[in-house]
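Please open the structure in your viewer and keep the selection tool at hand. The tour below moves from one selection to the next and says what is there at each stop.

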Amino acid sequence: YEFQVKPKNPLGEGPTSNTVAFSTESADPRVSEPISAGRDAIWTERPFNSDSYSECKGKQYVKRTWYKKFVGVQLCNSLRYKIYLSDSLTGKFYNIGDQRGHGEDHCQFVDSFLDGRTGQQLASDQLPTKEGYFRAVRQEPVQFGEIGGHTQINYVQWYECGTTIPGKW
């Protein structure tokens, strides 16, 4: 995209600004669906390999996040799902751990501005140790490493974020 600004107030117009170019990251074509009149799903149904810890056994959907990762969900139903992250569309999708809480803020990965409800909340030492992504607070970039077990990083079996998946625009 290219942008120019031309100021205007009651006294008149000012000079046009220099052109500023901005590039957005295009979605991986394998994850994009055709958009017609803004009514198509924003998620693509696509099976993925996950590090399973979930009560959800339904369809799987993926999309690219603004974290330059892929988010994958496996449905229990359209409002309850397990959320995973991956660096690659064809790679393994991993659990997301929370260093502070039980992942209520992970609803951000499905574009919900709300903190969601989560499944059974076990202490990390009651969870199997796994590799996965983790963070402490909303907006913080994720890190990759061990979660569960002795790590003090919790993860959960499902999320309810108030966002339906696959959803419509």
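Is Lys-130 buried or exposed? With a relative accessible area of 15%, Lys-130 is buried, where buried stands for under 20% relative accessible area, exposed for over 50% and partly exposed for the range in between, computed with a 1.4 Å probe on protein chains only.

Before going further, note that this is a predicted model, in which local features need pLDDT of at least 70 and side-chain atom pairs count only at pLDDT 80 or more, whereas totals for chains, interfaces and linings use all residues. Residues are numbered from 1 along each chain as its sequence is written, and side-chain values use heavy atoms, with hydrogens and water left out.

**Salt bridges**

Select Glu-160 and Arg-117 next, where the closest N and O atoms of the salt bridge are 2.9 Å apart. Here too the pair links distant parts of the chain, Glu-160 lying in strand E15 and Arg-117 in strand E12, 43 residues apart. Glu-160 counts as partly exposed, at 23% relative accessibility.

Another of the salt bridges joins the side chains of Lys-6 and Glu-13, at 3.3 Å from N to O. In that pair Lys-6 is partly exposed, with a relative accessible area of 48%, while Glu-13 is exposed, with 54%.

**A buried lysine**

Now select Lys-82, which lies in strand E9. Lys-82 is buried yet has no salt bridge, and the nearest side chain of opposite charge, that of Asp-51, is 8.3 Å away; in this charge count Lys and Arg are positive and Asp and Glu negative, with His and the chain ends not counted. What does the side chain of Lys-82 reach at 3.5 Å? It is the backbone oxygen of Tyr-53, and the backbone oxygen of Val-156 lies 2.3 Å from a polar atom of the Lys-82 side chain.

**Sheets**

Switch to a cartoon view and follow the open sheet of six strands, ordered E5-E7-E8-E9-E15-E12 with antiparallel pairing; two strands pair if DSSP finds at least two bridges between them. Its edge strands are E5 (44–45) and E12, each of which pairs on one side only. Within this sheet, strand E9 (residues 80–86) and E15 pair in the antiparallel sense over two bridges, and Tyr-81 stands opposite Tyr-159 in E15.

A further open sheet has three strands in the order E11-E13-E14, and its pairing is mixed. Five bridges join strand E13 (residues 130–135) to E14, which run antiparallel, and the bridge partner of Gly-132 in E14 is Gly-145.

**Disulfides**

For the last stop, select the cysteines: the structure holds two disulfides, each a pair of cysteine sulfur atoms within 2.5 Å. Cys-56 and Cys-76 form one of them, with their sulfur atoms 2.0 Å apart. The torsion about this S-S bond is about -90°, so the disulfide is left-handed. Cys-56 lies in the loop between strand E6 (49–50) and strand E7 (60–64) and Cys-76 in strand E8 (residues 70–77), so the pair ties together parts that are 20 residues apart in sequence. Cys-56 is buried, at 1% relative accessible area, whereas Cys-76 counts as partly exposed, at 33%.

Cys-107 and Cys-161 also form a disulfide, with their sulfur atoms 2.0 Å apart, and this link is left-handed, with -75° about the S-S bond. Both Cys-107 and Cys-161 are buried. Counting bonded cysteines along the chain, the disulfides follow the pattern 1-2, 3-4.

Key. Helices (H or I, at least four residues) and strands (E, at least two) are DSSP runs, numbered from the N terminus. A salt bridge is a side-chain nitrogen of Lys or Arg within 4 Å of a carboxyl oxygen of Asp or Glu. A polar contact is a pair of N or O atoms within 3.5 Å; within protein, one must be able to donate a hydrogen and the other to accept it, and residues adjacent in sequence count only if both atoms are side-chain atoms.
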